[in-house]
Amino acid sequence: MHRTPCKQSATLNRLTGKSIDLKLENLQKTGSFKVRGAYNKISQLPDSACSGGIIAASAGNHAQGVALAGRARGVPVTVFMPETTPQAKVTATRQYGAAVKLTGSGFDEAYAAAREEQAVTGAVFVHPFDDPAIIEGQATVALEMLQQCPDLDTLLVPAGGGGLLAGTAIAVKALRPSVRVIGIQTESAPAIASLFRSIPPIIPGGPAIAEGIMVKTPGKLTTDIISSLVDDVWTVTEREISSAILFMLEREKMLVEGAGAATTAAALHGYLPASARKVGAIVSGGNLDVSRLAECRELSAGVAVG
């Protein structure tokens with residue numbers, strides 16, 4: 001795995017009036033932070049547990065991390081992915097050596113199918129977020145960032161199932177408790193934000209720009225950690241995320257997927273309070289199907305920034 005860089009955008013700083021450090025996990029192996037948790041989990045499995053292979057469910061990035069880590073262990077991997085998964089993520093997962101089964105319209109349907117097959121085959125299931133070893137692996141993103149940017153006062157973290165947010169909160173509150181940890185979700189799938197505010201969640205449906213964080217049911221372990229350690233959870237719109245994807249491509253020359261652009265969207269579209277001056281934003285992944293750039297352009301038309 002790479003120790004990914006942090007980078008400031010002069011344009012983003014000017015538009016927001018903040019000093020913002022972008023943690024570029026889009027430059028990580030497999031193009032996403034997910035490989036950190038997958039490697040941490042799979043490296044700890046005893047050989048006996050791997051005898052029936054490894055099975056996982058994923059919207060795309062966890063799949064690639066599990067496939068790569070499984071290949072390193074010499075263990076066959078099967079991944080269930082939604083039928084709506086961008087082709088780039090499906091192709092990459094297969095190229096890392098995993099068998100891919102496309103099932104259902106979203107992550108939760110793929111997850112249910114994977115669990116059914118795992119019960120029959122006896123393969124070890126590697127959960128995408130609700131597992132202590134996965135959370136521990138994802139926490140290394142924040143550990144690196146605290147070393148690279150020691151003067152942060154606010155850290156923005158994308159959240160779907162909550163593994164990255166939970167790991168970040170554990171690391172930050174243990175080492176730098178004054179830093180505010182803020183989860184960022186899409187309005188189309190605000191399960192964690194709804195739980196955080198004790199309101200009924202919106203049930204996501206259909207394809208979305210930020211498919212990587214379109215999770216109907218976050219983990220119990222992750223939500224327990226988030227409830228106790230995270231300072232707030234905000235939601236951004238699909239239009240704002242689309243605008244942030246284009247901003248990162250046009251201004252920073254970086255391809256960032258919807259989930260990875262959620263934190264930039266929050267910064268770019270005025271969600272940061274005046275008290276936030278030194279801000280970290282985790283850019284969680286870069287596995288965007290380039291065929292969706294036209295959709296981003298259409299969605300973001302007329303969206304103001306700054």
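Buried residues make up 60% of the 306 residues in this predicted model, where buried means under 20% relative accessible area, exposed means over 50%, and partly exposed lies in between (1.4 Å probe, protein chains only). Because the model is predicted, local features need pLDDT of at least 70 and side-chain atom pairs count only at pLDDT 80 or more, while totals for chains, interfaces and linings use all residues. Residues are numbered from 1 along each chain as its sequence is written, and side-chain values use heavy atoms, with hydrogens and water left out.

The radius of gyration of the protein is 18 Å, which agrees with the value near 19 Å that a compact globule of 306 residues would have. This radius is taken over C-alpha atoms, and the globule rule is 2.2 Å times the number of residues to the power 0.38. Along the principal axes, the C-alpha atoms fill a box of roughly 55 × 40 × 35 Å. Of the contacts with a separation of 6 or more, 74% are between residues 24 or more positions apart; a contact means heavy atoms within 4.5 Å.

The secondary structure comes to 12 helices and 10 strands. Helices (H or I, at least four residues) and strands (E, at least two) are DSSP runs, numbered from the N terminus. Two strands pair if DSSP finds at least two bridges between them. Strands of a sheet pair through backbone hydrogen bonds, either parallel or antiparallel.

Elsewhere in the list of strands is β9 (residues 232-236), with 4 of its 5 residues buried. Two pairings are set out below.

| Strand pair | Sense | Bridges | Residues opposite each other |
| β3 (54-57) and β6 | parallel | 2 bridges | I54 and V124 |

I209 lies between α8 (191-197) and α9 (220-229). Is I209 buried or exposed? Its relative accessible area is 1%, so I209 is buried. Leaving out residues up to four places away in sequence, I209 touches residues including E238, I241, R292 and L299. The C-alpha atoms of I209 and T186 are separated by 9.5 Å, and the two residues are 23 residues apart along the chain.
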